[in-house]
Amino acid sequence: MKKTIKVVALATLLLSPFTAFAAEDAKATTHAQNKSFIDVLKDGGWCMYPIGLCSVATVWLIIDVWMRTNKTKLVPEQDLAVAQQSFRAGDYVGAYQAMKASNSSFAAVVRAGLSSIGYGKDATEEAIVAAVDKVNSTLQTRINYLSVIGVCTPMIGLLGTVSGMRGAFATLGSSGIGDPSALSAHIGEVLIATASGLFIAIPAFMGFYFLKNKLQSGVHGLEEEAERLFRNAPYEYLQSADVGQEETFAALPNWIEAPAG
């Protein structure tokens, strides 16, 4: 009987640390379940603020570029119809003025082509290509910001990880393993910071590659519509014509006398 009591006492003594850790774990689990989403984010530390800004920027960029690269945005049906009608009527000045009143990418490309139409077919095509490249470069710059966010957010999360590990080791050095709750708080900060950085980086990279392909398709469609509009333009009759009628800043050198009127 005494032997049995001794065995039970010894087993209780040996299992007491594990029992204490299990109680602490159950207490931590209950506490974690009572936390709100905002409280969990706060546990991530200071790095959650720049990561939060990156998340807002990611959503905004994806929505903004998605809308800008739609075919109806790049080549509005109204602008296309007005340009086609003016070209059929031979009203190139009217077409230029109508495109000048519009803010669409298609209007900017057609306007650039009409500005150079008096210099021949080659000059007009070069102006169209240059205008399309400008549209592509502007939208591609916005898309590239998603790549920057995809690269930077894991680095910010990693920086938060290093900060959390520093606090964890400081706690471990001061109190050892006697205070597991304080140690687990720092480890939780590490995990939240790392996971948050990856959580933002993954959709940012997905949006980058998807929108990049979408932009290429939209730009090809824009260039095709513009070239189709100018395909049969009567360049020989428009030679030296100033369709744009914009103010020019080129004049004869001031050392040359203007011809007498």
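I take buried to mean under 20% relative accessible area, exposed over 50%, and partly exposed in between, with a 1.4 Å probe and protein chains only. By that scale I looked up Phe208, which counts as buried at 9% relative accessibility.

**Entry 1: basis**

I note that the model is predicted: local features need pLDDT of at least 70, side-chain atom pairs count only at pLDDT 80 or more, and totals for chains, interfaces and linings use all residues. Residues are numbered from 1 along each chain as its sequence is written, and side-chain values use heavy atoms, with hydrogens and water left out.

**Entry 2: the chain as a whole**

I looked up the secondary structure and found nine helices and zero strands in the protein chain. Helices are DSSP runs of H or I with at least four residues, strands are runs of E with at least two, and both are numbered from the N terminus. In sequence order the pattern reads α-α-α-α-α-α-α-α-α. Of the 261 residues of the protein chain, 33% count as buried. I then checked contacts, meaning heavy atoms within 4.5 Å. Among those between residues at least 6 apart in sequence, 79% join residues at least 24 apart.

For helix packing I used axes, which are lines fitted to C-alpha atoms, for helices over the stretch in contact, with angles running from 0 to 180 degrees between N-to-C directions. Angles under 35 degrees count as roughly parallel, over 145 as roughly antiparallel, 65 to 115 as roughly perpendicular and the rest as oblique. A crossing is left-handed if the near helix is turned anticlockwise from the far one by less than a right angle, and right-handed if clockwise. For residue classes, Ala, Val, Leu, Ile, Met, Phe, Trp, Tyr, Cys and Pro count as nonpolar, Asp, Glu, Lys and Arg as charged, and the others, Gly among them, as polar.

I began with H5 and H6, whose axes come within 8 Å and cross at roughly 165 degrees. H5 is therefore roughly antiparallel to H6. The crossing of H5 past H6 is right-handed. On the H5 side I found Asp79, Val82, Ala83, Ser86 and Phe87, and on the H6 side Tyr92, Gly94, Ala95, Ala98 and Met99. By class, this contact of H5 with H6 has seven nonpolar, two polar and one charged residues.

I next took H5 (residues 77-88) with H7, which pack at about 25 degrees with their axes 10 Å apart. H5 is thus roughly parallel to H7. H5 passes H7 in a left-handed crossing. Asp79, Leu80, Ala83 and Phe87 of H5 make this contact with Phe106, Ala107 and Leu114 of H7. I counted six nonpolar, no polar and one charged in the contact of H5 with H7.

The remaining pairing I checked was H6 (residues 92-100) with H7 (residues 105-115), at an angle of about 145 degrees and with axes 9 Å apart. Here H6 passes H7 in a left-handed crossing. The H6 residues are Tyr92, Ala95, Tyr96, Met99 and Lys100, and they meet Phe106, Ala107, Val110, Arg111, Leu114 and Ser115 in H7. The contact of H6 with H7 holds eight nonpolar, one polar and two charged residues.

**Entry 3: aromatic rings**

I searched for ring pairs, in which the centres of Phe, Tyr and Trp rings (for Trp, the six-membered ring) lie within 6.5 Å; planes under 30 degrees apart count as stacked, over 60 as edge-to-face and the rest as tilted. The structure holds four such pairs. Trp66 and Phe210 are stacked, at 5.7 Å centre to centre and 10 degrees between the planes. This pair links distant parts of the chain, with Trp66 in H3 (residues 48-68) and Phe210 in H9 (residues 180-230), 144 residues apart. Trp66 is partly exposed at 40%, and Phe210 is partly exposed at 48%.

Phe208 and Tyr209 have ring centres 4.9 Å apart and planes at 75 degrees, so I record the pair as edge-to-face. Tyr209 counts as exposed at 51% relative accessibility, whereas Phe208 is buried. I also recorded one aromatic cluster formed by Phe87, Tyr92 and Phe230.

**Entry 4: two single residues**

I located Thr153 in H8 (residues 121-175). Thr153 is buried, with a relative accessible area of 0%. Not counting residues up to four places away in sequence, Thr153 touches Ile51, Cys54, Gly197, Ile200 and Ala201.

I found Ser240 in the segment after H9. Phi of Ser240 is near 65 degrees, a positive value in a residue other than glycine. Ser240 is exposed, with a relative accessible area of 66%.
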